[in-house]
Amino acid sequence: MAGGSLLRPWLPLDIARDALTLRRVPFDFSPYAAVLLDLDGTLYHEDHVLPGAAALVARLRSEGRTYACLTNSTSSPQRLRERLLTMGIDVPADQIYTAAAAAADYVLEHFPNPPRVFNLATEGLHEMLDGRVHWVNEIGQPCDAVICGAPANVFATPQRQRIALYLLRAGATLVGVCADRVYPSPRGLELGSGALASMMAYAAGVTPLYTGKPEAIFFQELCGKLRVEPNQCVLVGDNLESDIAGAKRLGMATILTLTGVTHAADVPSIPNALRPDAIIPDLTHL
Ligand SMILES: [Mg+2]
C-alpha cells in the first residue's frame, strides 16, 4: 500500500492553509511502520527545542513506535545525540541518521575493505570511520573516495582541499555529504557541503555523488537500518525539497511543519508535485 493512502484525512490541505486556526488533534501514528523526524527546523532551531518536539519524541517512545531522527548534518549521530540531550531530548545514537553517516556507510559498502578514504569534512566523520578505513593524508597515495563536507568543517582546510584536488584528479570518487548550497547558523547563512563539493568537482573535472537528503540512498539506507519499507513510513520535516520531495519520491507519507525554512505565507504557492499530505504550524499539532 502506498504510504500516502495511509494518511488519515485529519488535516486537509485547504484547512491547513489557515494553519494557525487548526485544532490540536493527537495524530495516530499506528498505520505507519516508522516515523521519521527531521531535526533542524523541525525538532530544534539552533540551540533551542521547538514547541512540541520533546513531547512528541517522548510519546513515540512510550507508544513503542519505530522512529528515527534525520539530518543533513556533516557530524556523527553520537554528536547529534549529545546535542539533543542538551535540549532535553533523549534519542539513542542508532536512531539518528546524518548525511555524514550516510557518506560513511556509502564508502564502507561500495569500496574494497578497507576503503582508502580522504576526509574533507568533520571530526564526527573521522570518529565514525576511524579503524574501519585506511585514511589517506597525502598527494600520491592510492585513494578510493574523498568525503566532502562544508568549507567551515575542521578537516576542510585550504591545504586539505588542495590534497583532495590531486586525489580526485587521480581517480578518487567525490562523495559529497549533501548537496545543500547553504545552511543556517547563528550569524546567518554559511556555505554548505554542496558548495564545497561543487567547487572540488569543477576543479577536478569530476561529478560528485551525494549521500544526504533528498537522495534516495539516504532514505533507503535509513529504512534498511530500521527494517521498514520506505512506503510504510511517515516523515515530518520543514524543507519542501530535502524532506518532502525526497520522501515523496519513495512513497512516504509526508507532514510539513512550518517551524523551519517553509513559512505559512509559502503554503498557497507550493507546487502540486511538492505538496505534503498534511501541513502543521508546529509539532504540538501532532
Ligand atoms: Mg530541516
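Guide: Two strands pair if DSSP finds at least two bridges between them. Strand 1 and strand 4 meet this rule, for four bridges join them, and the two strands run parallel. Please keep in mind that this model is predicted.

Visitor: Which residue of strand 4 stands opposite Leu-37?

Guide: Cys-69 is the residue opposite Leu-37.

Visitor: And how many bridges pair strand 4 with strand 5?

Guide: Strand 4 and strand 5 are paired over three bridges, in the parallel sense. Within this pairing, Leu-70 has Tyr-97 of strand 5 as its bridge partner.

Visitor: Is strand 4 enclosed or open to the outside?

Guide: Strand 4 is largely enclosed by the rest of the structure, because five of its five residues are buried. Buried here means under 20% relative accessible area. Both faces of the strand are covered. Tyr-67, Cys-69 and Thr-71 are buried on one side, and Ala-68 and Leu-70 are buried on the other.

Visitor: Why do the residues fall on two sides?

Guide: In a regular strand, side chains alternate between the two faces of the sheet.

Visitor: What is the strand order in the sheet of six strands?

Guide: The order is 5-4-1-13-14-15; the sheet is open and its pairing is parallel. Strand 5 (96-98) and strand 15 (278-280) are the edge strands, each pairing on one side only. From one strand to the next, the twist averages 20°.

Visitor: Which helices pack on that sheet?

Guide: Helix 9 packs on the sheet and touches strand 1, strand 4, strand 5 and strand 13. The direction of helix 9 makes about 155° with that of strand 4. Helix 10 also packs on the sheet, where it touches strand 1, strand 13 and strand 14. The direction of helix 10 makes about 165° with that of strand 14.

Visitor: How is strand 14 joined to strand 15?

Guide: Strand 14 (residues 253-257) runs parallel to strand 15, and three bridges join them. Thr-257 stands opposite Ile-280 of strand 15.

Visitor: Thr-254 lies in strand 14 too. Is Thr-254 buried or exposed?

Guide: Thr-254 counts as buried, because its relative accessibility is 0%. Leaving aside residues up to four places away in sequence, Thr-254 touches several others, including Val-234, Leu-235, Ile-244, Arg-275 and Ala-278.

Visitor: A change of topic: what coordinates the magnesium ion?

Guide: The magnesium ion is coordinated at 2.1 Å by Asp-38 (OD), Asp-40 (O) and Asp-238 (OD). Along the chain, these donors follow the spacing D-x1-D-x197-D.

Visitor: Where do Asp-38 and Asp-238 lie?

Guide: Asp-38 lies in strand 1, while Asp-238 lies in the loop between strand 13 and helix 10, so the pair ties together parts that are 200 residues apart in sequence. Asp-38 is buried, with a relative accessible area of 3%. Asp-238 is buried as well, at 4%.

Visitor: How is the protein divided into domains?

Guide: Domain 1 comprises 3-13 + 30-72 + 214-285, and domain 2 comprises 110-210. Their centres, taken over C-alpha atoms, are 28 Å apart. Five residues of domain 1 are in contact with seven residues of domain 2.

Visitor: Which residues touch the most other members of the largest nonpolar core?

Guide: They are Leu-36, Val-107, Leu-125, Leu-129, Ile-147, Leu-235 and Met-252, in a core of 46 residues. Several elements each supply at least two residues of this core, among them strand 1, strand 4, helix 5 and helix 6. Helix 5 gives the largest share, eight residues. At least three residues come from each of domain 1 and domain 2.

Visitor: What does Leu-129 touch?

Guide: Not counting residues up to four places away in sequence, Leu-129 touches Ala-104, Val-107, Leu-108, Trp-135 and Ile-147. Another core, of 28 residues, lies apart from the largest one and has Ala-53, Leu-60, Met-87 and Ile-89 among its members.

Visitor: What stands opposite Ile-147?

Guide: Val-175 in strand 9 stands opposite Ile-147. Strand 8 and strand 9 (residues 173-176) pair in the parallel sense over four bridges. They belong to an open sheet of five strands in the order 7-6-8-9-12, with parallel pairing.

Visitor: Which strands run antiparallel?

Guide: Strand 10 (residues 182-185) and strand 11 (residues 188-191) run antiparallel, joined by four bridges. They form a hairpin with two residues between them. The bridge partner of Tyr-183 in strand 11 is Glu-190.

Technical notes:
Residues numbered from 1 in each chain as written. Predicted model: local features only at pLDDT ≥ 70, side-chain atom pairs only at ≥ 80, totals over all residues. Heavy atoms only, no water. Core = buried A, V, L, I, M, F, W, Y, C linked by side-chain atoms within 4.5 Å. Buried < 20%, exposed > 50% of the residue type's maximum accessible area, 1.4 Å probe, protein only. Domains from an automatic or database assignment. Contact = heavy atoms within 4.5 Å. Axes fitted to C-alpha atoms, helices over the stretch in contact; angles between N-to-C directions. Donors = N, O, S within 2.8 Å, 3.2 Å for Na, K, Ca; no water.
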